[in-house]
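Visitor: I have a protein open here and would like to go through it with you. Can we start with the overall picture?

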Amino acid sequence: MAKQLPDVGSGGAVPPPRRSRIVLAEITRQDTRAERTRAELAQQTQVGEALVRGLVRAQLALALRLSLVVAIGLGGLPWLFAIAPSLGRTTVAGVNLPWLLLGVASFPFLIAVGWAYVRLAERNEQDFTDLVQRPER
């Protein structure tokens with residue numbers, strides 16, 4: 001079947017042809033700071049290594065600080081009972097206080113320290129990610 005064209009002379013309007021955009025080549029955009037930083041991390045350049053070293057150093061410092069909190073918190077209990085022997089002989093609900101502190105209270109303490117470590121370590125990683133992905137100013 002042949003397609004009939006509208007009669008231009010009789011007042012019928014011909015619709016304009018539909019436009020389409022043709023892209024012949026991708027326009028290269030300027031390399032942003034974040035892309036350069038990601039490339040340096042991927043290629044393990046000196047800058048990338050320094051950034052990763054900073055993250056590892058921050059994570060290590062966090063681990064050492066929280067290890068010190070655990071060492072003082074749990075390791076200080078025997079010193080406390082040695083300094084105050086009457087405190088070591090105290091009983092709560094028929095159980096000696098040292099047993100309650102070391103056998104029962106230490107677990108919530110360790111869980112709280114572990115939760116704090118995970119939260120702070122994720123914050124360090126998020127700060128690192130924000131630094132890497134920060135746009136150039």
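Visitor: How much of the protein is buried?
Guide: Of the 137 residues in the protein, 12% are buried. Buried means under 20% relative accessible area, exposed over 50%, and partly exposed in between, with a 1.4 Å probe and protein chains only. This is a predicted model, where local features need pLDDT of at least 70, side-chain atom pairs count only at pLDDT 80 or more, and totals for chains, interfaces and linings use all residues. Residues are numbered from 1 along each chain as its sequence is written, and side-chain values use heavy atoms, with hydrogens and water left out.

Visitor: What secondary structure does the protein have?
Guide: There are four helices and two strands, and along the sequence they follow the pattern α-α-α-β-β-α. Helices (H or I, at least four residues) and strands (E, at least two) are DSSP runs, numbered from the N terminus.

Visitor: Which residues does UniProt mark as "transmembrane region"?
Guide: The unreviewed UniProt entry gives that annotation to residues 62-85 and 97-118. UniProt positions are in the numbering used here, feature names are shortened, and annotations may be inferred rather than shown by experiment.

Visitor: And what do those spans look like in the model?
Guide: Residues 62-85 are 96% helix and 0% strand, with the end C-alpha atoms 34 Å apart. Residues 97-118 are 100% helix and 0% strand, and there the end C-alpha atoms lie 30 Å apart.

Visitor: How do helix 2 and helix 4 cross?
Guide: The axes of helix 2 (residues 46-83) and helix 4 come within 10 Å and cross at roughly 165 degrees. Axes are lines fitted to C-alpha atoms, for helices over the stretch in contact, and angles run from 0 to 180 degrees between N-to-C directions. The two helices are therefore roughly antiparallel to each other; angles over 145 degrees count as that, under 35 as roughly parallel, 65 to 115 as roughly perpendicular and the rest as oblique.

Visitor: What kinds of residues are in that contact?
Guide: The contact of helix 2 with helix 4 has 25 nonpolar residues, four polar and one charged. Ala, Val, Leu, Ile, Met, Phe, Trp, Tyr, Cys and Pro count as nonpolar, Asp, Glu, Lys and Arg as charged, and the others, Gly among them, as polar.

Visitor: New topic. Is S106 buried or exposed?
Guide: S106, in helix 4 (residues 97-133), is buried, with a relative accessible area of 6%. Leaving aside neighbours within four places in sequence, S106 is in contact with L74 and L101. Contact means heavy atoms within 4.5 Å.

Visitor: What about L97?
Guide: L97 is also in helix 4 and counts as buried because its relative accessibility is 17%. Not counting residues up to four places away, L97 touches F81, L87, T90, T91 and V92.

Visitor: Last one: where is V118?
Guide: V118 lies in helix 4 and counts as partly exposed, at 43% relative accessibility. V118 and A63 are 55 residues apart in sequence and 10.0 Å apart in space, C-alpha to C-alpha.
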